[in-house]
Each structure stands twice: as C-alpha cells, then as structure tokens.
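Hi,

Here is the structure I promised to pass on. Have a look at it first, and then read my notes on the disulfides and the aromatic residues below.

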Amino acid sequence: MKKRTLAIVALLAAALVLTGARREIDTKITISQLPTTCELSRLYTITDGATPSDTATGGGSHEHAVVCVTENPAAYQAVLMYTGDVAVIGHPSASGARLSQVLETVSGSGFGGAALSTFASVAGQSTLVDINRSRSATKGTHTIVQSGDTLGIIAFRGSNGTSFDNAAAIQALVGATPGASSDMPGQLEFQTVPDNSGTLTTRMTINNAGRVLIGSGSTLDALLHVRNVASGDVTALVDHTGTTGTDNARLFARVSGGSGGDPITVYNVTGVTNWSSGVDNSESDSFIIANAAAPGTNNRFTITTASVFRFATLATAPGTCSIGDFYVDTSGAYCACGATNTWSNMIATGSCA
C-alpha cells in the first residue's frame, strides 16, 4: 500500500498537467472525508482503497486521486487510479494496457494522449523521450542486451468492436553485438498489418549501417534495397503529378568530380548475368552499355561526348539471326541480317565471316 501511495504522489504531476488542476494536494483522506464543498481544481488523494467512477466517488479497491470540478455542491472527477499494477489517468480502470505496461491515459473525446513542450534558447535543448531496456529482470540493475533484442515498440491499435487490434508499429532493436560502453548498434523496423489479417509485417528496415530495406528479409545489399518475396513486381516509381512543362520526374545517379567513380545503373539476373549502363569517367565520360556489373568490361555500345557511336566488334558472325539484327565485324564489315540466318555486308570493306 505504501509503495502504491508513493507512486501515486510521483504521478500527480502528470495528472495535474492533463487536468489543469492546481498544485494544492490534500493527502491521506478517505472517501467520507471529501468535503461537501470544494475549491475548484483542488486535488485530493484517497488512501482507503476505494475507487471513484469517472465523475463521482464510489466503490472499488484501488488507490486513486480526484479533482474538484464543481464547488458547491462538491463534485469530483477521478484523474489517477491504480488498477492492479497499472496507473490510469482519466478513467477508473485500465482498458489498453495489455502487456504489463504501468501507465495508461484515457480520453473521452478529441485528441487523447499527452503534449510534451520545451521552451529553451539553447539549440541542443528539446523535448526528450527515453525508451530504455536492460536484460536484467531486476529493476534498477543492468545486464547488457544482445543482438536482436527489442529495445522498444510504439504500437498503433484500433478497436474491432470488443477489443483493440494491432494496425501498425515502429520497433527498435539491437542491430548487432553491442559493446560494454558507447557501442549500441541499432535497427528500426516499420510494420503494418495487411488487410484480412491480424499479424504485423515488417515493411521497412533501417539497419545500424544506415541502409534501408523496403520489403521483407534481413539482407541489405545497398544503401536503399527494395525487395519483394511474394508474387508480383518489385516497383520503384518516381512520379510527378504536375502538368506544366517544368514539372519533371527525375531519378539521379551522381558522383563527385571527374576523379570520382562512375554513375551507373546495374541490371542483374542472380547467378546468370549482369548488364550495366552509365557514364565511364575512365573513357572520357562516355555513356556505355556493358555486359558486366560496371562499364569497362565487356562494353557493347558506347556514345562519346563528341556524339561518336561505337559498337563492340565480333570476330565471328553469330550462327543465327533475325531480320533487323546488326553487328560490326573485326574485319571492318558492317553486317546486317537481310534474311533469316543470313548476314550481308553493308559496305565493301571486310566480310561477315
């Protein structure tokens, strides 16, 4: 009982903020000692174990606090209750605390919850919310967490008519093995529940290296990785809905300076082949299409900054062709497929061997 009374006193500041109550607090009174007239916004703590309803005092077995809402005759509203081990602000019983949470706020209309405000002239000072986790089961003691441990969850839940179901969540985890001091790699997961389901599914992950995975899985092969493990397309869309001539949809690949690397796009069939296209700084900033993971190897087509087109040459004509096919022979011949499986030299030089 003493422990709960101290906890109620510690939480009264939050109750005062939420209700606008004055800071005068009468403690250690019973239900029968509540005055018949009261000072508006005065707060009273009840220590005999009875619990009031939302708007009046009544029966029950939990410690609580009430605030004067009408002076004469006195009317009181419950602002802080203990239901089991859950402290509830704004309602006589807990309804949303489901996994051993110790504090719940309940609002009847408008925007429930809490507003956290900071007024400071120093740039680095702001509102701070700490969500902490120790692997020790003893309160106030520390045991180092492990890779994969959940550090905190923000869950968004909606009523199904009888109870609350998960709809979305943001989860923070330990992203790799932590160290003894100043070494706590983190990972964020953003989750939603699909239609006709009650299961949270991870939709986006930010790992401890800053890499972003959109989709499911644990392997992040790039700074931004889009993955689909179900049937259907994996799609990234750059969409501009404007209708004027300056409303452009742009996708940029950029490097810094002529001595940097190459801005390229890679097309990969896992375990089969790679194609790439982009600007090759080592080839005087030519645009190249290559049958490789990067230009410079197996270049197939090049456009120079002087508007010169260059095809890769073949020493031997392909055995089959269709009308419209074309290649440049190492002999200097320009070879076109004039009929199925038949190559014809377009110029007098060389031959289509």
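If you number the bonded cysteines of the protein chain in sequence order, they pair as 1-2, 3-5, 4-6. Keep in mind as you read that this is a predicted model. The count comes to three disulfides, and here they are one at a time.

Cys-38 is bonded to Cys-68, with an S to S distance of 1.9 Å. The torsion about that S-S bond is about 65°, so the Cys-38 and Cys-68 disulfide is right-handed. Cys-38 sits in the loop between strand E1 (25–29) and strand E2 (43–46), while Cys-68 belongs to strand E3 (residues 64–70), so the pair ties together parts that are 30 residues apart in sequence. As for burial, Cys-38 has 8% relative accessibility and counts as buried. Cys-68 counts as buried too, at 2% relative accessibility.

Next comes the disulfide that joins Cys-321 to Cys-337, S to S 2.1 Å. With 70° about the S-S bond, the link of Cys-321 and Cys-337 is right-handed. You'll find Cys-321 in the loop between strand E18 (313–314) and E19, and Cys-337 in strand E20 (residues 334–339), so this pair ties together parts that are 16 residues apart in sequence. Both Cys-321 and Cys-337 are buried.

Then there is the disulfide of Cys-335 and Cys-352, whose sulfur atoms are 2.1 Å apart. Here the torsion about the S-S bond is about -105°, so the Cys-335 and Cys-352 disulfide is left-handed. Cys-335 lies in strand E20 and Cys-352 in the segment after strand E21 (342–345), so parts that are 17 residues apart in sequence are tied together by the pair. Cys-335 is buried, with a relative accessible area of 0%. Strand E20 is worth a look on screen, since it holds Cys-337 as well as Cys-335.

**Now the aromatics**

Which residues form the aromatic cluster? Phe-301, Phe-309, Phe-311, Phe-326 and Tyr-334 form one cluster. The count of aromatic pairs comes to five. One of them is Phe-301 with Phe-309: the ring centres are 5.9 Å apart and the planes are at 45°, so the pair is tilted. Is each of these two buried or exposed? Phe-301 is buried, with a relative accessible area of 19%, whereas Phe-309 is exposed, at 54%.

Phe-311 is in strand E17 (residues 309–311) and Phe-326 in strand E19 (residues 326–329), so the pair ties together parts that are 15 residues apart in sequence. Phe-311 is partly exposed, with a relative accessible area of 42%. Phe-326 is partly exposed as well, with a relative accessible area of 35%.

**And a charge over a ring**

One last thing to look at is Arg-254. Its charged end sits over the ring of Phe-252, 5.3 Å from the ring centre.

Cheers

Terms used
Residues numbered from 1 in each chain as written. Predicted model: local features only at pLDDT ≥ 70, side-chain atom pairs only at ≥ 80, totals over all residues. Heavy atoms only, no water. Phe/Tyr/Trp six-rings, centres within 6.5 Å; stacked < 30°, edge-to-face > 60°. Buried < 20%, exposed > 50% of the residue type's maximum accessible area, 1.4 Å probe, protein only. Helix = DSSP H or I, 4+ residues; strand = E, 2+ residues; numbered from the N terminus. Lys NZ or Arg CZ within 6 Å of the ring centre and 35° of its normal. Disulfide = S-S within 2.5 Å.
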